[in-house]
Amino acid sequence: MPRFKLSDRAVAFLAATAVVATTAGVASASTAPVSEPGKALRASAPSGSLTSSLKGWGRMDYPDAGHDIQVTVDAHATFKGVGWTKPDRAWGTFRIYHRIPAADGEPEQVNWGDFTVDCLTSGGPTATVTGRIVRTGGNTGAWDDYLKRHIRMGVSFYVAEGKGSGPSRIGLSGGTEEDEPLLSRCMAPAADSEVVKGGYDLTDKVPAG
């Protein structure tokens, strides 16, 4: 089936999207336990090296009924100090997963991709994660070319912090085509798609160690 093009609303994929994994070999995120949305932890006035982390699993809203799009992430970063917006080190994994239900005589379609984190940025209740695709699966082969080209994708997160903060949200970049430049590290679109199940725990720049 054709590779994905982003929709304006979900920045999702026409053919299939994926679920984020939490190990370098990346465990199956479709069976990951649901975590409740966590509050973003902040340092008041830290000095020295800082660290951020983002963990969790979520199912995102999608305009086509029956589609199941999930993102699982376990990302970490260190920063040299206050005022540094890009990390000096980032590591972890994420997976994006998309299942399209069987319809019109066509079988169910599943696509997922595992990514190695190369950037995590955070600020308050928001975070951005990028990484290179290292593994694909499912029954569509939709991202096989992305794997050959080691494409980078980005995911943005808004982690709701309780009453009055609205729902948590996710934004997906999708992958660039062969004639397009590679997505830059630390870049992702706005987190515009509501998290309808699951949640994320974000720790925003606290003292390392």
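S173 sits in the loop that links β9 and β10. The model is predicted. Is S173 buried or exposed? S173 counts as buried because its relative accessibility is 12%, and the cut-off for buried is under 20%. Its side chain makes a contact with the backbone nitrogen of G154, at 2.8 Å.

Most of β8 is covered: of its seven residues, six are buried. Which strands pair with β8? One is β7, in the antiparallel sense, over seven bridges. Another is β9, also antiparallel, joined to β8 by four bridges. The table lists the two pairings.

| Strand pair | Sense | Bridges | Bridge partners |
|---|---|---|---|
| β7 and β8 | antiparallel | seven bridges | A127 and F157 |
| β8 and β9 | antiparallel | four bridges | V155 and L172 |

F157, the β8 partner of A127, also has a place in the largest nonpolar core. That core holds 32 residues. Which of them touch the most other members? They are L54, V129, F157, I170 and Y200.

Which strand gives the most? β4 does, with six residues.

Technical notes:
Residues numbered from 1 in each chain as written. Predicted model: local features only at pLDDT ≥ 70, side-chain atom pairs only at ≥ 80, totals over all residues. Heavy atoms only, no water. Core = buried A, V, L, I, M, F, W, Y, C linked by side-chain atoms within 4.5 Å. Buried < 20%, exposed > 50% of the residue type's maximum accessible area, 1.4 Å probe, protein only. Helix = DSSP H or I, 4+ residues; strand = E, 2+ residues; numbered from the N terminus. Pairing = 2+ DSSP bridges. Polar contact = N/O pair within 3.5 Å; in protein donor to acceptor, adjacent residues only side chain to side chain.
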